[in-house]
Amino acid sequence: MLNHEHLEPGQMLSRPAPLRITRALLASYAAVSGDHNPIHLDRAFARAAGMEDVFAQGMLVMAYAANILTSQVPPHCIRSYEGRFTALTQLEDILQAQAMITDTYDTATEKRIDVKIVVTNQWEEEKFTARAVLVFPFDTD
């Protein structure tokens, strides 16, 4: 778990393992998420829609990016998490997320840490960006 007492702006958080986008992963994600949109699963459908092939569900990419937070802090410490998709994530892309602390500050009741997350593929093409606010209540004992 992240020791929030010694974090500073510019500090990088630990990276999650890379994630390869495969047809099996897209099918598994569809099964657990309920997102059975054929654009993510059926090559013929994707081609008829003007795409070269199927591509990853956006929420799959967003969940992968969120893993950089949930692997290091308890879920209740994530005050906000919002992101923007910057490009489609293609089949066989290998995603890598990195997160950097952009600010730390105290309020009357808690320490807050702002984090910027960027997900790229193996060619450093940006696929998703996010911002999160982590909170750590002060001990009142």
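Analyst: K127 and D93 form a salt bridge, with their closest N and O atoms 3.4 Å apart. K127 sits in strand 5 (residues 126-137) and D93 in the loop between strand 2 and strand 3 (94-106), so the pair ties together parts 34 residues apart in sequence. Strands here are DSSP E runs of at least two residues, helices H or I runs of at least four, numbered from the N terminus. This is a predicted model: local features need pLDDT of at least 70, side-chain atom pairs count only at pLDDT 80 or more, and totals for chains, interfaces and linings use all residues. Residues are numbered from 1 along each chain as its sequence is written, and side-chain values use heavy atoms, leaving out hydrogens and water.

User: Why is the contact between K127 and D93 called a salt bridge?

Analyst: The term needs a side-chain nitrogen of Lys or Arg within 4 Å of a carboxyl oxygen of Asp or Glu. The closest N and O atoms of K127 and D93 are 3.4 Å apart, so the pair qualifies.

User: What makes K127 buried or exposed?

Analyst: Buried means under 20% relative accessible area, exposed over 50%, partly exposed in between (1.4 Å probe, protein chains only). K127 has 5%, so K127 is buried. D93, at 3%, is buried too.

User: How do you know which class R79 and E110 fall into?

Analyst: R79 comes out at 45%, so R79 is partly exposed. E110 has 6%, so E110 counts as buried. These two also form a salt bridge, at 3.1 Å between the closest N and O atoms.
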